[in-house]
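Q: I would like to go through this model with you. Could we begin with the overall picture and then turn to particular residues?

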Amino acid sequence: MEQHLWNLKMAVKQLERAAKKCEKESKSEKAKIKKDIAKGLNENARIHAENAIRHKNQHTQYLRMAARVDAVSQRVQTAVTTKQVTRSMAGVVVAMDKAMKSMNLEQISKLMDQFEKQFENLDVQVQVMDSSMQSSVSSSMPEGQVDSLMREVADQHGLELNTDLAAPQSSVGTASVANKEQDELTERLAKLRGE
């Protein structure tokens with residue numbers, strides 16, 4: 001399972017590299033368009049324009065595929081983590097059976113504490129994985145946030161969007177709640193790791 005996880009992560013990196021290469025080739029083709037238009041070679045400029053569009057579309061497809069593969073790798077990571085925690089919990093249950101047979105109340109108490117700790121670890125890890133899954137899958141992003149970011153970038157660069165975007169929504173409240181939850185999860189995870 002861990003080998004598959006590693007392979008998935010490598011596939012994501014390869015797809016991202018391919019996307020960067022396509023983006024670079026698209027920019028190169030755009031520069032060639034400008035040169036050919038300046039020379040009056042409109043047919044050559046048209047060919048370079050078609051190539052630029054094709055490379056841009058490939059860039060987008062590679063990024064989309066990388067996001068999907070990354071989402072799958074996050075799910076595999078969740079499975080690996082869950083498997084590890086399950087093994088730990090099984091060990092605690094076996095030890096608990098032995099303790100129950102000997103009826104050593106102190107040992108039973110320690111084992112129950114360990115069990116609860118393992119269960120909390122599992123809960124935190126699942127929450128962190130769910131959080132990272134939600135952020136890694138671009139299709140699950142709220143439409144309002146995506147539109148807002150697009151407007152922000154366009155405003156920074158003095159560009160005008162020619163798509164109809166929904167009215168900007170106030171996401172400040174929800175963002176602060178999400179940040180607070182993420183901070184709490186990070187803090188709990190750090191405590192569990194002993195940092």
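Q: What percentage of the residues in the chain is buried?
A: This is a predicted model. Of the 195 residues in the chain, 22% are buried.

Q: And how much accessible surface does the chain have?
A: The accessible surface comes to about 14,400 Å². Carbon and sulfur atoms account for 54% of that area.

Q: How many helices and how many strands are there?
A: The chain holds five helices and zero strands. Read from the N terminus, the order of elements is α-α-α-α-α.

Q: What share of the contacts joins residues at least 24 apart?
A: That share is 66%, counted among contacts between residues at least 6 apart in sequence.

Q: Turning to confidence, what is the average pLDDT of the chain?
A: The average is 77, and 75% of the residues score at least 70.

Q: Which elements have the lowest and the highest mean pLDDT?
A: Helix 4, residues 143-156, has the lowest mean, at 66. The highest belongs to helix 1, residues 2-39, with a mean of 88.

Q: Where is the pLDDT below 50?
A: It falls below 50 over residues 165-172. In the model this stretch makes nine contacts beyond near neighbours in sequence.

Q: On to side chains: how many salt bridges are counted?
A: The count is one salt bridge. Its partners are Glu-29 and Lys-32, whose closest N and O atoms are 3.9 Å apart.

Q: Where do Glu-29 and Lys-32 lie?
A: Both residues are in helix 1, three residues apart, which is about one turn of the helix.

Q: Why would side chains pair in this way?
A: Side chains of opposite charge can pair when their charged atoms come close.

Q: Is Glu-29 buried or exposed?
A: Glu-29 counts as buried because its relative accessibility is 10%, under the 20% cut-off.

Q: And what about Lys-32, how accessible is that residue?
A: Lys-32 has a relative accessible area of 36%, so this residue is partly exposed. The category lies between the 20% and 50% limits.

Q: How far is Leu-111 from Val-93?
A: Their C-alpha atoms are separated by 8.4 Å, and the two residues are 18 residues apart along the chain.

Methods. Residues numbered from 1 in each chain as written. Predicted model: local features only at pLDDT ≥ 70, side-chain atom pairs only at ≥ 80, totals over all residues. Heavy atoms only, no water. pLDDT = per-residue confidence, 0-100. Helix = DSSP H or I, 4+ residues; strand = E, 2+ residues; numbered from the N terminus. Contact = heavy atoms within 4.5 Å. Buried < 20%, exposed > 50% of the residue type's maximum accessible area, 1.4 Å probe, protein only. Areas by Shrake-Rupley, 256 points an atom, 1.4 Å probe, with all protein chains shown as cover. Salt bridge = Lys/Arg side-chain N within 4 Å of Asp/Glu carboxyl O.
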